[in-house]
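Work through the exercises below with the model open. Try each task before reading its solution.

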Amino acid sequence: MDNYMRLKIKAISSNEAFARSAVAAFCVDANPTVDKLADVKTAVSEAVTNSIVHGYNGSGEGEVEIYVERSGNTVHIEVKDCGVGIENIEKARTPFFTTKPDEERSGMGFTVMESFMDSLSVEPNVPRGVVVKMSKNLDGAEKTTE
Amino acid sequence: MKVAHKIANNTLYVSICGELDESCAAPLRVRLDELFDAAGIARVVLDLAGVSFMDSTGIGMLIGRYKVLKAKGIPLLLSSPQTVVDKLLSLSGIYEIMPKIG
């Protein structure tokens, strides 16, 4: 592991832009392509939104912790909350599934994370809440060295 | 987010500018629905050229607007998304109900 960062934010939506931008800035040392960096920003935004909207039910209470570790050109990201958790994680990962159909939720959050990152796991946090772990190789060398 | 609009040839053109996430989806929804209430609109074109970021909250908001307009019999079209936004919209399959133009 070459470097890491840890960020703890109040669980309010106005912190989402800061969170994804901070992670993106940290990832610059992994020599990312513009597209891959954009993918990371989107995936982080999805995970943080989930914590705020579902974990804490938009209450504005609680914290979201974001940990990013870089090994070479690969970043491993954890987004963790201590909210209500997810009753059925497998179901929650199904495209278009949402527990808030009346709020114009797309149910695409986990699908986006899975599509935009190389790997994704969703686990219960102990003692409560959710931990989303995802990783991505950001190497853009093949596009910049020739 | 900044929202600008004009009506020409029975088409409502709305351009939105900024980053579309949970923090701005609710006020944007209200603003767009107000604009959709204008009389004499035959279709709506949403210009996304100024949207530099969008996550799935934006998809939910767009599908909601599609439903509002569909109830009025008005088609919704999406125009000029940036590459990063286009990737998300393509993944969602949203272009099947609100085609991309421009």
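Predicted model: local features only at pLDDT ≥ 70, side-chain atom pairs only at ≥ 80, totals over all residues.

Residues are numbered from 1 along each chain as its sequence is written, while chains are lettered from A and ligands numbered from 1 in the order in which they are written.

**Exercise 1.** Describe the fold of chain B.

Step 1. Chain B holds three helices and five strands (DSSP runs, numbered from the N terminus: helices are H or I with at least four residues, strands E with at least two).

Step 2. Read from the N terminus, the order is β-β-α-β-α-β-α-β.

Step 3. Chain B is as compact as a globular protein of its length, because its radius of gyration is 12 Å, close to the 13 Å from the globule rule for 102 residues (C-alpha atoms; 2.2 Å times the number of residues to the power 0.38).

**Exercise 2.** Characterise helix H1 of chain B.

Step 1. H1(B) covers residues 22-36, 15 residues in total. From first to last C-alpha it reaches 21 Å, close to the 21 Å expected at 1.5 Å a residue (1.5 Å times one less than the number of residues).

Step 2. A kink of about 25° is centred on B:Leu28 (the angle between axes fitted to the seven residues ending there and the seven starting there).

Step 3. Buried in H1(B) are B:Glu22, B:Cys24, B:Ala25 and B:Leu32 (20 or more other C-beta atoms within 10 Å of a residue's own, C-beta atoms being placed from the backbone).

Technical notes. Buried ≥ 20, exposed ≤ 12 C-beta atoms within 10 Å, placed from the backbone.
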